[in-house]
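Trainee: I am new to this structure and would like to know what stands behind the labels. Please show it, and then I will ask.

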Amino acid sequence: MNIDERIAVVGMHVKLPNGIDTTQKMWQLLMEGGDVFTRGPVAGSRVPITSHIEDAHWFAAERFGISAFEAELMDPQHRLLLEMSWECLETAGSGADTVTGVFTSCSPSALLEDVLLNRPDTWARSYSQIIEGTHGDYLATRIAYRLGLTGPALHIGTGCSSALVALNQAVQSLNAFQCDRALVASASIHAPKETGYEVREGGIYSADGYCRPFSQDANGTVPGNGASVVLLKRLEDALADGDHIHTVVLGSAVNNDGNRKVGFTAPSVEGQVDCITTALDVAEVEPSQVRYIEAHGTGTRVGDPIELRALAKAYGPAAPGGRYLGSVKANIGHCDVAAGLFGLVKTAMILEYGTVPPQLYADTPTTSHDWSDDALRIAGRPVGLGAGASQDTPLVAGVSSLGVGGTNAHVLLQDAAGVIGADEARHREPRPLVRVTGRKPHGPAVPADVEEAAAAPAARPAAALVTVADSVTVTDEDLLELLSRHTVEPVGSLDDDFFAHGGDSLGVIYLLDEVQELCGVQVSVMEFTENPTVACLREHLQVAAAGGPDHAAPAKAEADPDATVAAEVAARLAHIVPAADQAGPTGQVLLTGGSGFVGTYILADLLARGLRVVCLLRGGEERRGELIVCLREFGLWSDGYEGRLELAAGDITEPGLGLARAAFDDLASRTEWVVHSAAAVNHVYPYARLAQANAHSAVGVIDFAAATRRKSVTFLSTSAVFESAAYPPGVEIESGPLSALPPESNGYGRSKAFAEAYFERAGELGLSVTILRIPNVFGDRTSHRINRGDAIWSWTSTILATGRYPASFDSAADELFQALPGDVVARLVAEETRPSGRPGCRIVNAIPNLVCSSRGMIAGLRAAGHHPEPLADREWYAQVGRLDVRDVWVAALAGQLAERQDLGEPQRLHRFPLHDDPAVAEVVNAQAVWSPKDLAGYLGVLSDGANTAGGSATDPRSAEG
């Protein structure tokens, strides 16, 4: 193998019991001849032995943008490998802008088996989350997603040889230029309460709790716990990047025994010999050059003798000085799928330090092998290999890993000094270890002791409620159980918040549909989200039992927005004093929400104009790959943008935008324009749930814009701010401040309206601000990309699914929506409405007066090749109600909508004359998406499922922000 095909190991991270979390600590354990186990006296067939990783349940969830609920439904193996992969990449340092692959393996999930399956309620509510968090198939892809890795992401499952097979796959991917760096990550972590095992006749486990590979008194293996991650690069790239090189992979091979053995689980001499000789051929290594072999070595009476025969046959006689043999399983146990990677790490350290540590528990070698020819030796004490000072005397070692079922892997390694020279190797010092911060305990989403919890359930009230439907009796217990069906954690009291226990907006729809079916009482989404508790449901049922809505408490009057909102805005902005100097009109832009649907178009437009853009995102630079992939999918990326795109790790909901003070000041000094596009777009949640993300986050943006030098600000608002009684349907609305805010039940519209008040005040403080109100946003007319989860498209999907549409849609007066393409919105941001730099606040209604009518929608469907037929409105809604809500979420609303008194009456939308902004008026009305011809392209995309983005078809939330 020439140097172009050799692979450098440039990063090695381990996690083992007893606080062993560095390779140096692992090496110390090996050299001292210790193991990681705590043992008790054997009683009968039970062997009491533990080797737990004490902080395996700790996780830096927030660091990776993972919620506490999701973290608790993730197997510790998945969590630990995500953290270790990040640490390995950060410690390696170089190559962050290259394509990185990830190749993983992990043991079957003890969390799934031992804990979650004992809670059928949790399983039923969170099936998909549990599978994604515990199944190995999602491990590599989750690491790739969370770290923004764009190379191959593969999970390997070949039993005990999985990790070394994964390394072989990574080597092949590097040499095929499918990636420039490759993470190989493997873990085997057992249940935290596991305190030993049962010994069975014919089993593989040791009867006394000791693993003694190649020893005369070997009687089985011992299960271990551990995780390991290594980072690989092509050798030529590692040399060019100045990386510290732990060892060099010369070659590797993988095969299977086939039927050349006595049974499925039995090993095969012929299969192992073929694998080893193939690896030697690939590496272009003579067997006599190999000075050390890290064997699979499980300490079993059947497996070890067969492996010894295969090694002796494949390698033959040793060179002068002998060939040493070892197995790390005596020290750390059999780490199942991760075993091969620990063997590789150990061997890399042997080559790096030039020393073979003593083989633990092998004082008397097995008599089943003839040791007299010195082809294989066992070190009873540390042995210096001596060679490795130059390329003429290299140190070469082999690593074997054998899987139950017959998949074998063998890897040949060489010391770095033997490849690049001793002087060069000494100059390449290892980089300081980078640790992930913010780790906290995250237990499973179940009580710590399931049996105790079941034996002593929390007391719940059992007050009976009688509804108006057939005298059905419903208790508080019934309602608590009903809510708990749609949350991650059980709802335990009348005042428990539905959303705080893991409920979501789609769950609300399902919940209220069940309430109506069970009790005959209709509770609106808005009513429930104002107070998402059992107490709220009970109040509605009591009102219905007492005689109907006439008995309901009077609605609270909306407070004067000018008084309450202005006072809160003034108080929250009181500390801000804008800088004296005004930033220039061009230069660096800070963009929030750059990963959202609208933000993606804005980001691409700004980059296309030659501007340098800093995107504020959770995760920062780690999400570069993810963001570029998104832009590419939109057809908006050019490789020339790379150098002008910077990602800052921050959070708009945190003080100071989630930036450290020094980072905040540095970024503020370099930025001249802020475009605030980020938002939590959810048309179901009440104001209280969206206030921080959508309204009060403006404080941090304004604070940033005022710091160091005054920056211009563009805030993207929405036409939803007009959803209040102050703006009746069909009325014309001029650009300007709002005369009233939407009610608190309209969380999205109210939160954006509240944010507008902040930015109006920022203009009064001396900043140059534009508030740009936009309508529904589609993709550009080339890609016809859509947000599939938006209500517009969910309703359209029901028409496609039923082949029918409400007969009232034939009325030309029924107005459905106003819309602009995303690239047009981006142009408005950068051109027609860009802040002037002069103090003050400009408010622009960039909303077209051309609207899509229901008749136009049907014509667009027909132009796209669909031919739905009209159906009486109530019959159509009844038919929609029978659809699967997982395909079209609005099906859950159909029953309630069918009972509306105004069903079928035409809907009228607002009009926006734009007298003060003729340039904007010309653009929005010329580019509006409204005609049947406009819609046909987007509707075609909806029907074939291509080019969809954002929310899923089952999620009533937009993906705009």
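Trainee: Why is Pro-357 called buried?

Mentor: Buried means under 20% relative accessible area, exposed over 50% and partly exposed in between, with a 1.4 Å probe and protein chains only. Pro-357 has a relative accessible area of 4%, so it is buried. This is a predicted model, in which local features need pLDDT of at least 70 and side-chain atom pairs count only at pLDDT 80 or more, while totals for chains, interfaces and linings use all residues. Residues are numbered from 1 along each chain as its sequence is written, and side-chain values use heavy atoms, with hydrogens and water left out.

Trainee: Where does Pro-357 lie, and which residues does Pro-357 touch?

Mentor: Pro-357 lies in the loop between β13 (355-356) and β14. Strands are DSSP runs of E, at least two residues long, and helices are runs of H or I, at least four, numbered from the N terminus. Contact means heavy atoms within 4.5 Å. Leaving out residues up to four places away in sequence, Pro-357 touches Trp-27, Leu-30, Met-31, Lys-346, Ile-350, Ala-379 and Pro-382. The C-alpha atoms of Pro-357 and Gly-384 are separated by 8.9 Å, and these residues are 27 apart along the chain.

Trainee: What makes β6 and β14 edge strands?

Mentor: Two strands pair if DSSP finds at least two bridges between them. The open sheet has 11 strands in the order β6-β5-β7-β9-β1-β10-β17-β16-β11-β12-β14, with mixed pairing. β6 (153-155) and β14 (377-378) each have a single partner strand, so one side of each is left without a neighbour in the sheet.

Trainee: How do you know that β11 and β12 pair?

Mentor: The rule asks for at least two bridges. Strand β11 (residues 290-294) and strand β12 (residues 324-326) have 3 bridges, in the parallel sense. Glu-294 stands opposite Gly-326 in β12.

Trainee: What is the strand order of the open sheet of 7 strands?

Mentor: The order is β23-β22-β21-β24-β25-β26-β32, and the pairing is parallel. Its edge strands, β23 (645-649) and β32 (840-845), each pair on one side only. Within this sheet, β21 (residues 588-592) and β24 (residues 671-676) are joined by 5 bridges, and Gln-588 has Thr-671 in β24 as its bridge partner.

Trainee: How many aromatic pairs are there, and what makes two rings a pair?

Mentor: Rings of Phe, Tyr and Trp (its six-membered ring) pair if their centres lie within 6.5 Å; planes under 30 degrees apart count as stacked, over 60 as edge-to-face and the rest as tilted. By this rule there are 17 aromatic pairs.

Trainee: Why is the pair of Phe-722 and Tyr-727 called edge-to-face?

Mentor: The centres are 5.1 Å apart, with 75 degrees between the planes. Since edge-to-face needs an angle over 60, the pair of Phe-722 and Tyr-727 is edge-to-face. Phe-722, at 1% relative accessibility, counts as buried, and Tyr-727 is buried at 11%.

Trainee: How do you know that a charge sits over the ring of Tyr-687?

Mentor: The rule requires NZ of Lys or CZ of Arg within 6 Å of the ring centre and within 35 degrees of the ring normal. The charged end of Arg-750 is 5.4 Å from the centre of the Tyr-687 ring and sits over that ring. Lys-711 likewise lies over the face of Phe-704, at 5.3 Å from the ring centre.
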